[in-house]
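Have the viewer open as you read.

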Amino acid sequence: RIALAPMVSTQSTGYRILGFLPQDMDGNRRYSKMNGITRAESYLMGFEKIGEILDYCEVFRIKVVSVYAFSIENFKRSAEEKEELFQLFEDKMTYLLKNLDNLNEKGIKIKVMGDISLFPAHLTKLMAEVQLRTAHNTEFCFNLCLSYTSREEITHSIRTVVDGVQQGSLRVTDITESLLDRCMYSEDLPPVDLLVRTSGEVRLSDYMLWQSNFAVLQFVKVMWPDFGFMHFISSLLDYQRQQPRLAEYREKYGDYLGQMRDWELRGLEERVSEGTERRQEEFVVELKKKRREMLEEFSKLEVAGA
């Protein structure tokens, strides 16, 4: 997986996940002032850039792309700024729904990572509909991080597992790193291989921290709307140069850490709980069912004026 800013993650035959972390809202303000355009125009250019990047990913057969488009922290912004973004989200989701035939023909799955219930009802409804109507596709996954922070995602995963223990579906000894991973919003997506942050900022901004433990990090000084094909190629080449060392590190530490039980690390005597794998699998299957049912409920929300 490769991550870039804006946040984008991708998976392919050669690259597991590509992630983009675009500039944040302050970066959009700077870009609009530097180029004599409105803030809304800057946001629109950022979304159009995503489409361009997806075209590049198709050429290189990258199968999963994730983009960080709206943080939970962004809800603290002014009403005017949020309205500009919400209108843009509405336009893009409506466009996707109008082009479902094309999406399904190409096998494109749209996934939204984050707590979409925090958005106005009409946006929550649109986001749920897009996900439900492309959920069966398997050729390509576009993963859009909206109303998202990594800390909230990790907290949500832990709370989900704790609920499972309290309800009797899991035992404490069933809690493993692998189970927490499957309870994340990213679910069965592979980890990030390359994370690219644009705009010159050298920080991850609470983006896919759990999934990026073995990722190659690249910080690019160019602003997101100006991130072009040569920057994209440079990012992939940088990953290729570091990939052998990354693969060696994963082979040396990844499997070991992934298979270690949490209770082993804590020194508990009971290392293997009878029926752990069965309970974990049943819990994850039920969790996916509940998440789909939640999307179905969201898709039926009554919207004023609709």
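Two strands count as paired if DSSP finds at least two bridges between them. Keep in mind that this is a predicted model.

**Strands 2, 6 and 7**

With that in hand, go to strand 7, where Val216 is the bridge partner of Leu194. Strand 6 and strand 7 (residues 216-219) run parallel and are joined by four bridges. Strand 6 also pairs with strand 2 (residues 18-21), again in the parallel sense and over four bridges. If you want to find that pairing by residue, Phe20 stands opposite Val196 in strand 6, and Gly19 stands opposite Leu195.

Another sheet is open and has three strands in the order 3-5-4, with parallel pairing. Its edge strands are strand 3 (64-71) and strand 4 (108-113), each of which pairs on one side only. On average, neighbouring strands here are turned by 15 degrees against each other, direction ignored. Strand 4 and strand 5 (residues 140-148) run parallel and are joined by six bridges, and Ile108 has Phe140 as its bridge partner in strand 5. Helix 5 (residues 121-134) lies across strand 4 and strand 5, running at about 140 degrees to strand 4.

| Strand pair | Bridges |
|---|---|
| strand 2 and strand 6 | four |
| strand 6 and strand 7 | four |
| strand 4 and strand 5 | six |

**The largest pocket and Glu187**

The largest pocket has a volume of about 1000 Å³. It is lined by 38 residues, and the closest to its centre are Glu187, Leu287, Lys288, Arg291 and Arg292. Strand 4, helix 5, helix 6 (150-166) and helix 10 (276-299) each give two or more residues to the lining. Helix 10 supplies the largest share, with 11 residues.

Glu187 deserves a click of its own. You'll find Glu187 in the loop between helix 7 (177-182) and strand 6 (194-197). Why does Glu187 count as buried? Because its relative accessibility is 17%, and the cut-off for buried is under 20%. The side chain of Glu187 makes a polar contact with the side chain of Arg291 at 3.1 Å. Beyond its neighbours within four places in sequence, Glu187 is in contact with Lys111, Asp181, Arg182, Lys288 and Arg291.

**Thr176**

One more residue to look at is Thr176, in the loop between helix 6 and helix 7. Thr176 counts as buried because its relative accessibility is 2%. Its side chain reaches the backbone nitrogen of Leu179 at 3.1 Å. Thr176 and Val161 are 15 residues apart along the chain, and their C-alpha atoms are separated by 9.8 Å.

Terms used: Residues numbered from 1 in each chain as written. Predicted model: local features only at pLDDT ≥ 70, side-chain atom pairs only at ≥ 80, totals over all residues. Heavy atoms only, no water. Buried < 20%, exposed > 50% of the residue type's maximum accessible area, 1.4 Å probe, protein only. Polar contact = N/O pair within 3.5 Å; in protein donor to acceptor, adjacent residues only side chain to side chain. Contact = heavy atoms within 4.5 Å. Axes fitted to C-alpha atoms, helices over the stretch in contact; angles between N-to-C directions. 1 Å grid on protein atoms, 1.4 Å probe; cavity = no way out; pocket = protein on both sides within 12 Å on 5 of 7 lines; lining within 4 Å. Points joined across faces, edges and corners; volume = space filled by probe spheres on them.
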